[in-house]
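Hello,

Here is the structure we talked about handing over. My notes on the chain contacts follow below it.

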Amino acid sequence: MSDKAKSGAQWACREDIGEALYGFVSTLFPYCRSLTGSGVRQTLSAIRALLPELDIHEVPSGSKAFDWTVPEEWTIRSAWLESPDGTRVVDFEDSNLSVVSYSEPIDAIIPLAELQPHLHSLPQLPDAVPYVTSYYKRSWGFCMPDRIRRGLPEGDYRAFIDSSLKPGSLSYGEFYLPGERPEEVLISTYVCHPSMANNELSGPAVATYLARWLATEKRKFSYRFVFVPETIGTLVYLSRNLDALKARMVAGFVLTCIGDEGDYSYLSSRAEGTLADRVARHVLRHHTDQPKTYSYLERGSDERQYGFPGIDLPVCSLMRTKYGEYLEYHTSLDDLSFVTPAGLSGGYHLARQCVEYIEANELYVATTLGEPQLSRYGLYPTTGGRKASDEARLTLNVLAYADGRNDLLAIADRLQQPMADVVAAAAALKNAGLIDTRGSRTTRNRDELRP
Amino acid sequence: MSDKAKSGAQWACREDIGEALYGFVSTLFPYCRSLTGSGVRQTLSAIRALLPELDIHEVPSGSKAFDWTVPEEWTIRSAWLESPDGTRVVDFEDSNLSVVSYSEPIDAIIPLAELQPHLHSLPQLPDAVPYVTSYYKRSWGFCMPDRIRRGLPEGDYRAFIDSSLKPGSLSYGEFYLPGERPEEVLISTYVCHPSMANNELSGPAVATYLARWLATEKRKFSYRFVFVPETIGTLVYLSRNLDALKARMVAGFVLTCIGDEGDYSYLSSRAEGTLADRVARHVLRHHTDQPKTYSYLERGSDERQYGFPGIDLPVCSLMRTKYGEYLEYHTSLDDLSFVTPAGLSGGYHLARQCVEYIEANELYVATTLGEPQLSRYGLYPTTGGRKASDEARLTLNVLAYADGRNDLLAIADRLQQPMADVVAAAAALKNAGLIDTRGSRTTRNRDELRP
Amino acid sequence: MSDKAKSGAQWACREDIGEALYGFVSTLFPYCRSLTGSGVRQTLSAIRALLPELDIHEVPSGSKAFDWTVPEEWTIRSAWLESPDGTRVVDFEDSNLSVVSYSEPIDAIIPLAELQPHLHSLPQLPDAVPYVTSYYKRSWGFCMPDRIRRGLPEGDYRAFIDSSLKPGSLSYGEFYLPGERPEEVLISTYVCHPSMANNELSGPAVATYLARWLATEKRKFSYRFVFVPETIGTLVYLSRNLDALKARMVAGFVLTCIGDEGDYSYLSSRAEGTLADRVARHVLRHHTDQPKTYSYLERGSDERQYGFPGIDLPVCSLMRTKYGEYLEYHTSLDDLSFVTPAGLSGGYHLARQCVEYIEANELYVATTLGEPQLSRYGLYPTTGGRKASDEARLTLNVLAYADGRNDLLAIADRLQQPMADVVAAAAALKNAGLIDTRGSRTTRNRDELRP
C-alpha cells in the first residue's frame with residue numbers, strides 16, 4: 001500500500017484484498033461494455049465466476065421502465081477510420097473507446113471537413129481518447145487523441161463501422177444474501193462502460209469481493225447486490241422491484257470510482273440523514289483523513305434514481321475521487337494505471353466498514369432504572385478515588401443514551417467516539433444484561449422494588 | 001436611474017415607472033394628512049383617480065376597534081405663532097408639520113418660558129421641522145427649526161390655532177383584485193402623515209401603481225390593497241375583516257419608506273419563515289446588493305398589528321431605508337428631494353418582484369418514477385460525454401425536488417438559484433408533462449409497468 | 001466579598017448570607033460522613049436544627065433500590081498506622097480522610113512492601129491527603145500525604161482500624177415546602193463525604209439556607225429539598241418516589257461544589273432545554289461573568305441518576321468550580337480555606353436567582369387582539385414624535401410574544417433581555433389587564449366588536 005493510501009485511512013488492512021481486486025479489474029478491463037450486449041454479459045459472467053449464485057436477468061428491448069424503454073441491443077464487430085493515404089488513424093481493435101457507443105453502421109468516403117462533426121477529442125488532454133455515447137439518438141462517431149486529430153491531412157477518409165442495433169435484451173446481475181432479518185442493505189454498481197478502470201470496474205470489483213466476504217459472515221441483515229447498466233438498468237431494476245425495495249431496504253450504497261488513491265468521498269442521499277448517510281459520514285469522519293462530502297445537488301450516478309421523488313430510497317454513494325473530479329475521468333487515461341491495489345483495497349474497506357457498522361448498529365434500552373451498580377458486573381473499578389469515575393465513562397455514556405431512541409450510531413456521534421468503541425461498550429453492557437433490545441426494563445425494576 | 005440605484009438592484013427596469021411614481025408623490029405631498037380628516041380624504045380621492053374601483057370606507061368616531069376607539073375628527077384651518085414684535089415665527093401656511101397633529105384650538109398670549117413646553121425642535125437638525133403628534137391626549141404645540149427657536153426673544157407670544165376636534169369619521173381605502181383563486185395577497189400601506197415623502201407617500205404611490213399593473217395581468221391569486229391611517233386604521237380594518245383575512249391570506253406586505261435610494265430592506269413577520277418572508281428574503285438575496293434584514297423586534301409600522309398574538313397574519317415589511325434609520329425621518333427634510341424617481345422605481349420593482357414570484361410559485365410533483373428520459377422531451381443533449389450531464393442540471397434539480405413538499409421557492413433556495421431560473425425550468429418541465437400540481441404520478445407509472 | 005467574587009456576579013448581595021453559610025459549613029466540617037452511619041446522622045441533625053420540619057428517613061441495609069442494595073452501615077471508632085519505631089504516621093484522629101471509607105477492621109503487623117497496596121497518596125500534591133472509598137468491595141487502607149509516605153522507613157508496621165460493617169440503615173433528609181401549586185421544584189444535594197468543604201458541604205449549606213429563605217416567601221410552586229448520600233441515596237430516594245416526582249417536578253437542581261470563588265458553572269440535564277436548563281443558562285448569561293457550561297457527557301454527580309433513561313427528570317447541576325476541575329478536589333485541601341463566605345454567598349444567589357425566575361415565570365396570553373392603546377393604560381407616552389416609540393418597546397415586545405406559547409423566560413431569551421426586566425414589564429401588563437394566564441382574549445374582543 002502506498003504511503004498516500006496508508007495515510008488516508010486508519011482501518012487495519014485486514015486481508016490482502018488489494019491484489020485480488022486489482023486482478024479482477026484487469027480481467028474485466030478489455031471487455032467492450034455498453035448499455036447492452038456481449039460486453040455486459042462477459043462482465044456478468046466473470047462476476048458469476050466469483051459469485052456463483054448471481055442471477056443474470058435479460059430484459060427484452062422495448063420493455064418499459066417507468067418513463068424509459070429498453071433500447072435495442074448494440075453489437076460492434078469492427079470499426080476504423082482510414083486517412084486519404086490508407087493509414088488507419090483510428091481502429092476499434094486498439095481501443096474500444098475509439099467508437100462512439102451505440103454508433104450505427106457506416107461505410108463511406110467522407111472529406112475531412114464533413115467528417116469533423118463525427119470526431120471527438122479533448123484539446124486539454126491531447127493524448128487521451130474521450131468516452132462518448134449516443135444511446136438514444138441514432139448517430140455514429142470516432143473518438144481519438146486530439147494530437148492525432150490535429151495532424152489529420154485534408155482529403156477523403158473512409159469511415160467504417162460494422163455494428164448493428166437490433167432487438168435483443170438488457171442484462172443485469174443480482175445477488176442476494178439472506179440474513180437473520182428480512183430487512184435489506186443494497187449495494188448497487190454499474191457495468192456499462194467500456195475499458196475504463198475507476199469509473200466502472202472499481203465498483204463491480206469492490207461489490208463482488210464485498211459479497212464474497214459477506215457470504216462467509218453471520219449476517220443480521222440481508223444483502224442485495226445489483227450490477228446494472230447505469231441509469232436505464234437501474235430504472236429497469238427499480239421498476240420491477242420498487243415495492244419490495246421500499247418495504248425492506250434499511251440502507252443502500254452506490255459504489256463508483258472507488259479504486260484510485262484519492263481522498264475518500266461520499267455523496268448524500270436526497271433525504272439526507274438516513275442510516276446510509278449516517279454510517280457513511282461516521283466512517284469517513286473516524287476512519288479517513290480529509291474526507292470529502294458532496295450534496296445531492298452534485299449527484300451524477302445511480303443515486304439520481306434511488307433518490308427520485310416517489311422512489312425515495314435511502315441510498316448514498318461511496319467513492320474515492322468522485323466522477324468528474326479527476327482529469328482522467330471518461331477518457332482512456334482512466335486505465336489500469338489509474339486504479340491501484342491500494343486504492344481498491346481502501347475503497348473495499350470503506351464499504352465494508354459501513355456494512356460492519358450497520359450490522360453492529362442496534363437500538364438498546366437500559367434494563368435498570370438509574371445507573372446499575374457497575375462494580376457488580378465487572379464494569380467498574382471497585383476502589384473509588386480521584387480518577388476512578390473517568391475509567392468507565394464510555395460505558396456509562398453508552399448506557400446513559402440507551403433510551404430506545406438513540407441507536408448505537410447516534411450514540412457514537414453524540415459522544416464523538418468511534419462506533420467500534422461504542423459497539424464494544426454496548427457488547428459488554430448487553431453481556432451484563434444492562435441493556436436490551438426489548439423494553440423490559442420498567443417491569444423488571446418496578447417489580448423488584450414493590451414489596 | 002442614478003448609479004447608486006442602478007448598482008443596488010439587478011432587476012430590469014421594465015418600464016419608466018419612476019417618473020410616474022414621483023409625480024404621484026408630488027401630487028399627494030401638500031395635503032395635510034392626519035389620522036382623520038380632509039387630508040386623508042384628499043389622498044384617497046387622488047388614489048381613486050388612478051384606481052377607480054377603490055372603495056373608500058368611513059368609520060364613525062367612537063367606533064370600537066379591538067382595544068381602540070376611533071377618535072374624533074381633526075380639522076385645522078390655520079395656525080401661527082407671533083413673536084412679541086408681531087412677526088409670525090411659525091405659520092401653518094408654510095408647513096403643515098409646524099402644528100402638532102391633533103392640536104386643540106388656542107388663542108392666547110403666553111410668555112416664552114411658558115410657551116417652551118409647547119414648542120418642538122431638533123437641536124441635532126437645526127433646520128428641520130420635526131413631526132409631532134398628540135392623537136390621544138388633548139394638547140397643542142408648534143414645531144419649528146431649532147435654529148429659529150434658539151433665536152426667539154423673551155416676551156409674550158400669541159399662539160393661535162384654529163382647529164376643531166368633533167365627531168366625524170376615519171377614512172380608509174380598499175382595492176380588491178380577484179384572481180383565479182380566492183386566496184389573497186395583502187398589500188398594506190398608510191395615509192396619515194402630513195407632508196413627508198418617504199415615510200408616507202412612497203408606500204401609497206408604490207401600492208397604487210402595483211395595483212394598476214396587477215389589474216392588467218392574469219392573476220393566480222387575488223389581491224387586496226389597503227390604504228389606512230397607521231395603527232388605528234389598521235386595527236379598524238382588522239377588526240372588521242379578521243376572520244376573512246385569516247381564512248384567505250397567503251402572504252402580505254407592508255410598504256413603507258420605499259422611495260429613497262438607500263439599500264433595500266425587509267422586516268420579518270412575527271412568525272418568520274412565512275411565504276411572505278421567504279419571497280422577500282429571496283428577492284433581496286438575488287436581486288439586490290447589500291440588503292438589510294430586520295427582525296420583528298425592530299418593528300415599528302403596521303406589521304405590529306398584523307403579527308400580534310391572535311391576529312397572526314403572515315405579513316412582513318418591504319422598505320428601502322427603514323423608518324428611524326435615516327436622519328431625515330419624521331422631519332420636514334423627508335421631502336420631495338429625499339425620494340427620487342429611481343428610488344421609487346426600485347421600491348416598486350422590489351414589491352412587484354415579490355408578487356411575481358408569489359404568482360410563479362407552485363407546488364409540483366414529478367409525474368414519473370425515476371428520472372424521465374429527458375432527451376425524449378427536448379430537455380437533454382442527445383450526445384453524451386464529459387460535460388453533457390452538467391447542461392441539464394438545473395432542470396434535473398428542479399425535477400428532483402418536485403416531491404410535493406418543496407414549492408418552487410423552496411427549491412430555488414435549496415439550489416441557491418434565482419427563482420426566475422427555477423420557474424423557467426419548471427415551466428419547461430410542466431410543458432413536457434414531467435411535473436404536475438396533482439399527484440397523478442404513481443398511478444400513471446405503475447399502470448404502465450404492470451402488464 | 002473579594003474582588004473576584006464581586007466581578008463574577010451581578011446580583012445584588014441582598015443579605016449578609018455568606019457568613020451564615022460559612023459558619024454552617026464550619027459546623028458540619030468535622031463530622032466523619034460516609035454512605036451511612038453516624039456522620040450522616042450528625043449532619044442531618046444539624047440541618048434539622050435550621051429546618052425543623054426536615055424528615056429524616058432510615059432505610060435498612062439490604063433494601064433494594066433499583067439495581068442497588070443498601071449496604072451495611074459502617075462505623076469507625078479509631079484507626080492508625082504505626083511505623084517500625086512506634087510512631088503513628090497516620091491517625092484517624094488527625095483527619096477522617098486518612099482511612100479509606102468503608103475500611104474493614106484490621107489489627108496486623110505488616111512489612112512496608114506488603115502495606116503499600118493499602119496506602120494512597122498523590123505524588124502531584126505531596127502535602128494532600130487524598131479521599132478514597134471502597135464502598136462495595138471489602139478492603140481497607142490508609143490515605144496520607146505523599147511527602148510522608150515517601151519518607152516511610154522499611155520495616156514492620158502496625159495497621160490498626162477499629163471499624164465495623166453491620167446491618168444498619170442509610171439515612172437521608174427530605175424537606176417539603178408546599179406552594180400554591182402542587183407542581184414541584186427539586187433541590188438535591190449530598191451528605192456522604194467526610195471533612196471536605198466545597199465538594200460536600202457547600203451544597204447542603206446553600207440548600208438549607210435556600211429552604212429557610214423560601215419558607216418565608218409566598219411560593220407559587222412547591223419545593224422539595226433532598227439531602228442524600230450521593231448515588232445510592234439518590235437511587236433509594238428515586239426508587240421510593242419516582243412516580244410522584246415524574247408527575248410533579250417542573251425543574252430540579254443538583255447543588256454541588258458551590259462555595260468556592262471560581263467562575264459559575266452549570267451542567268446540562270440529559271434532556272437539555274428543560275425549564276431547569278433554560279433558567280440556569282439565563283441566570284448565568286445575565287448575572288455572571290464568564291460562566292462555564294458543561295454537557296451531560298461531563299456529568300459526575302447525581303444528575304447521573306436524575307437523567308438516566310426511564311428516570312428522565314428535568315434536573316441540571318449548579319456549581320461554581322465543577323468537581324474534578326480544581327486541584328484540591330477530593331483531597332484534604334478542599335477545606336475551610338477553599339470555600340469562603342463570598343463564594344458561598346455567590347452560590348446561594350445563583351440558586352436563589354434560578355428559583356426566583358422560576359417563580360416569576362408564567363405563560364401569558366394577550367387579552368386584546370392587536371396592540372392595545374397603551375396610552376390608556378399609562379404604559380405609553382401620550383406625545384408622539386421621533387423617539388417616543390422606542391420608550392415602550394420592551395413592554396410592547398413582551399406583549400407581542402404573549403401568545404400562549406412563549407413563557408416569560410422564553411420571551412426574555414428571545415429579546416435577549418434580563419428576565420427581571422421582562423417580569424417587570426409583564427407585571428405592568430398584567431396589572432393593566434393586557435395579558436392574562438387564561439385565554440379569554442378572543443371572546444372579549446370579538447364580543448366588543450360585533451354589534
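**Chain C against chain B**

Chain C and chain B are linked by 4 salt bridges. One of them joins Arg414(C) to Glu272(B), with N and O 2.7 Å apart. Please keep in mind that this is a predicted model. Between these two chains, 13 residue pairs are in polar contact, both residues at pLDDT 80 or more. H15(C) gives the largest share, 6 residues. By class, that side has 12 nonpolar, 10 polar and 12 charged residues.

In total, 34 residues of chain C contact 38 residues of chain B. The area buried between them is about 3,000 Å², with 46% of it on carbon and sulfur atoms.

**Chain B against chain A**

Here 34 residues of chain B contact 35 residues of chain A. The buried area is about 2,900 Å², and carbon and sulfur atoms give 46% of that. The salt bridge count is 4. Among them is Arg376(B) with Asp67(A), the closest N and O atoms lying 3.4 Å apart.

Which elements of chain B supply at least two residues each to the side that touches chain A? They are helix H12 (393-400), strand E18 (403-407), helix H13 (408-415) and helix H15 (441-449). H15(B) has the largest share, with 6 residues. The classes on this side are 12 nonpolar, 10 polar and 12 charged residues.

Best wishes

Methods
Residues are numbered from 1 along each chain as its sequence is written. Chains are lettered from A and ligands numbered from 1 in the order in which they are written. This is a predicted model: local features need pLDDT of at least 70, side-chain atom pairs count only at pLDDT 80 or more; totals for chains, interfaces and linings use all residues. Side-chain values use heavy atoms; hydrogens and water are left out. Contact means heavy atoms within 4.5 Å. Buried area is the accessible area (1.4 Å probe) that two parts lose on being put together, summed over both. A salt bridge is a side-chain nitrogen of Lys or Arg within 4 Å of a carboxyl oxygen of Asp or Glu. Helices (H or I, at least four residues) and strands (E, at least two) are DSSP runs, numbered from the N terminus. Ala, Val, Leu, Ile, Met, Phe, Trp, Tyr, Cys and Pro count as nonpolar, Asp, Glu, Lys and Arg as charged, and the others, Gly among them, as polar. A polar contact is a pair of N or O atoms within 3.5 Å; within protein, one must be able to donate a hydrogen and the other to accept it, and residues adjacent in sequence count only if both atoms are side-chain atoms.
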